[in-house]
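Student: I have a model to read and want to work through it feature by feature. Where do we begin?

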Amino acid sequence: MRTFDDVFELGLYSNECCNQELIFDEGDMFCRCPRCQDLCHWVLEAKITRDADLEPALV
Ligand SMILES: [Zn+2]
């Protein structure tokens, strides 16, 4: 997935240029690299199961 693509799955993503890790939620848009501000590729590292009890902790 690349910067400005739509996120279709809630999960922890890492990018290839600076190894930054961010959580994106479904409906979000992949952002630029938070470190170098360049366009980048994001790779899903871990899926996050949505749980109503845990949801506030994800914000
Ligand atoms: Zn970067």
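Student: Which residue stands opposite asparagine 15 in strand 3?

Tutor: Strands are DSSP runs of E, at least two residues, numbered from the N terminus. Asparagine 15 faces tryptophan 42 there. This is a predicted model: local features need pLDDT of at least 70, side-chain atom pairs count only at pLDDT 80 or more, and totals for chains, interfaces and linings use all residues. Residues are numbered from 1 along each chain as its sequence is written, and side-chain values use heavy atoms, with hydrogens and water left out.

Student: How many bridges join strand 1 to strand 3?

Tutor: Two strands pair if DSSP finds at least two bridges between them. Strand 1 and strand 3 (residues 42-47) have five, in the antiparallel sense. Strand 1 also runs antiparallel to strand 2 (residues 21-24), with four bridges. Serine 14 stands opposite glutamate 21 in strand 2. In the hairpin of strands 1 and 2, asparagine 19 takes a positive phi near 60 degrees.

Student: Is cysteine 33 buried or exposed?

Tutor: Buried means under 20% relative accessible area, exposed over 50%, partly exposed in between (1.4 Å probe, protein chains only). Cysteine 33 is buried, at 0%. Cysteine 36 is partly exposed, at 38%.

Student: Which atoms coordinate the zinc ion?

Tutor: Donors are N, O and S atoms within 2.8 Å of the metal (3.2 Å for Na, K and Ca); water is not among the atoms, so sites may look incomplete. Here the SG atoms of Cys17, Cys18, Cys33 and Cys36 coordinate the zinc ion at 2.2 to 2.4 Å. Their spacing along the chain is C-C-x14-C-x2-C.
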